[in-house]
Amino acid sequence: MTLLATAVERVRGFGSVPLVERGDAPLALVLPGLFLFSAFLLFPLLYLFYLSFTDAAPQTLFAGEQQFIGFENYVNLLTTWRFWNSLGVTWLFLVTSVLLKIAVGIGMALVLDHHLVRGKRLLRAMVIVPLALPPIFVIAVWRGMFSTARYGVINQAMIAVGLEPVAWLQRRWMAFLAYNVTEVWLATPFMFIIIVSALQSVPEELHDAAKVDGAGYLSRFVHVTLPSIKRPVWFASILTAAASFQQFLIPFVFNQGGPARRNELILVHGYREAFAFNEYGQGAAIMIMALLFIGAFMWLNVKKGRLAEGIHNQ
Amino acid sequence: MSAGSRIAERVQSDAVRVVRSPARAYRGVLFAIDDVREGRTTPKELLAYLLATVAATCVVFLYLFPVYWVLTASLSGDAALLSTDGIGVDPNEFSLDAYSWVLFESRFVGYLGNSVRVVIPTMLIAFSVIVPASYALSRRAFLGRTKILYMYVLFTQVGAGLGIAGLIAIYAMFAHAGLTNNHLVLAFLYAAMAVPFNTWLLKTYMDSIPVSYEEAALIDGAPRWRIIWEIIIPLSKPGLAVILIFTFLAGWNEFIIAQTVLRPENYTLPVGLYMLVGEFSTPWARFSAFALLFASPVVILYFLAQRYVESGLSFGGMEG
């Protein structure tokens with residue numbers, strides 16, 4: 001929903017900010033929110049940064065006896081195979097899921113925007129139904145569908161068409177595939193909305209002109225449609241890439257980033273290091289590394305998405 | 001009151017449209033046949049329309065299969081879906097057993113109580129800090145205004161990820177202060193996480209309310225608080241409805257922080273759902289019924305408010 005709202009705002013643009021009067025008293029109205037925000041979001045991030053330089057673990061931390069150990073956690077990280085594996089899987093997941101999201105989004109949009117299709121409004125309304133569903137609900141349902149132990153529906157379907165059932169969540173790349181399917185399913189309505197509205201703004205004359213020149217469907221798609229929808233798709237991809245990078249619930253709910261910790265996306269890796277293996281300091285260091293990338297996405301979103309427009313208008 | 005009746009009106013018109021849709025489709029088919037008879041379309045063209053529409057419908061249904069599955073599974077009774085034959089369920093075997101299990105035998109009601117104990121304070125706290133701040137950011141210039149806005153916008157994009165990244169520190173802080181396993185503290189945290197996005201959203205919405213109303217009231221000598229109470233708040237209703245929903249969702253949907261901070265007897269509904277999917281002894285019917293009862297308030301709220309929310313969002317972004 002946040003993504004959608006952002007997209008809507010981005011598409012509509014920002015107007016000017018009318019200001020009735022000046023003075024510093026209004027700061028008092030902002031302070032409670034700012035205090036809450038700082039106490040529960042900013043301060044923990046600073047504290048996290050501090051923890052990443054300590055040997056914090058439950059027994060030391062809760063007694064206040066954690067030791068400052070400098071860069072040891074970071075040195076540990078950069079020299080362990082597991083961290084690089086997690087970072088690699090996260091980037092791989094980002095690339096595969098974003099490519100799939102674009103492909104599925106464009107595919108669905110082309111099918112449902114085709115001039116021969118009747119009842120487009122109803123079909124489009126149905127595609128965005130998943131926006132109304134809580135993510136944890138969707139992920140739990142997909143987890144159930146991929147289940148191996150209790151005749152999950154996907155394995156039932158595979159048996160029905162004569163294939164062998166697959167241990168989706170116990171095999172590394174099968175689990176990775178399952179993460180991708182779920183992530184793409186979750187992001188499809190967002191991509192679909194952006195791409196359909198982009199498709200509708202492609203001038204009909206361009207297609208007509210291409211047809212007159214004898215261009216087939218494929219070459220019209222490559223030379224007319226794609227260039228016209230490139231910018232919105234690029235914008236949507238940046239937003240959704242950030243979401244993929246921060247994906248936590250899918251691996252966690254599916255199989256805790258397993259099997260054998262091999263599919264731990266970066267946030268799951270940090271979380272599990274802290275809460276499943278009691279290495280708070282090490283977990284904090286992983287989270288700080290993740291934050292560096294998240295910060296880069298934040299910067300990219302504001303820069304490319306021009307999200308911060310409207311702040312300076314007075 | 002007016003917001004409520006407006007929503008009711010829209011829901012009614014939507015319902016009427018849905019009810020009439022078979023008739024509309026039937027008329028469309030008649031027209032199409034007529035067109036072929038009169039020679040305005042060739043049968044070949046008609047076939048193309050038909051095939052394209054059927055193909056598009058298939059794509060949509062394939063996409064929505066998980067929703068269909070969870071719905072039918074919840075109605076399938078305990079025995080069904082544990083067999084390997086077929087994916088569908090015989091409609092004659094539909095039963096509400098699973099729902100009665102969820103409501104009367106499972107821990108659903110206890111989890112629900114915990115969720116309510118988190119969600120209501122979340123909404124109250126969030127509202128009490130977001131509304132004044134949005135007003136000030138929209139209407140006044142003051143020291144640090146641009147910096148605060150900039151920070152909020154940055155955080156809107158990555159709030160979820162930052163929440164999880166900071167969870168180690170948050171848990172350590174809570175544990176130090178003896179505040180884990182406390183619904184009210186969790187509500188403060190959720191409210192804090194809702195602040196950046198919702199403040200920004202309501203602020204942009206308020207920006208779209210013309211200043212001239214306030215200027216007129218000022219000239220008439222109205223005090224500041226009356227202007228806020230009688231002009232800004234009533235005109236912001238769609239924006240307020242939007243952030244009401246988002247702050248509700250902030251508490252209702254959140255899973256990982258609740259699972260980390262709370263103890264089992266205080267788990268909220270999302271955690272309960274997660275526990276259930278991990279239990280191999282739970283039949284799909286029961287799991288699905290639980291999941292649907294958890295999701296249904298969100299879905300109902302979303303569809304009731306959808307058009308209202310959309311108008312709130314587009315208004316907030318300001319056309320032109």
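## Chain B at a glance

How many helices and strands make up the secondary structure of chain B? In this predicted model, chain B has 14 helices and one strand.

Chain B holds 320 residues, and 40% of them are buried. Now consider contacts in chain B between residues at least 6 apart in sequence: 78% of these join residues at least 24 apart.

## Where the two chains meet

Next, let us turn to the contact between the chains. Chain A contributes 97 residues to the contact, and chain B contributes 95 residues. On the side of chain A that touches chain B, helix α2 (residues 27–51) of chain A supplies the largest share, with 16 residues.

What classes of residue does that side of chain A have? There are 72 nonpolar residues, along with 17 polar and eight charged ones.

## A closer look at B:Ile227

B:Ile227 sits in helix α10 of chain B, which covers residues 224–235. Is B:Ile227 buried or exposed? B:Ile227 has 20 other C-beta atoms within 10 Å, so it counts as buried, the cut-off being 20 or more.

Leaving out residues up to four places away in sequence, B:Ile227 touches B:Glu214, B:Ala217, B:Ala222 and B:Ile232.

Key. Residues numbered from 1 in each chain as written. Chains lettered and ligands numbered in written order. Predicted model: local features only at pLDDT ≥ 70, side-chain atom pairs only at ≥ 80, totals over all residues. Helix = DSSP H or I, 4+ residues; strand = E, 2+ residues; numbered from the N terminus. Buried ≥ 20, exposed ≤ 12 C-beta atoms within 10 Å, placed from the backbone. Contact = placed C-beta atoms within 7 Å. Nonpolar A, V, L, I, M, F, W, Y, C, P; charged D, E, K, R; others polar.
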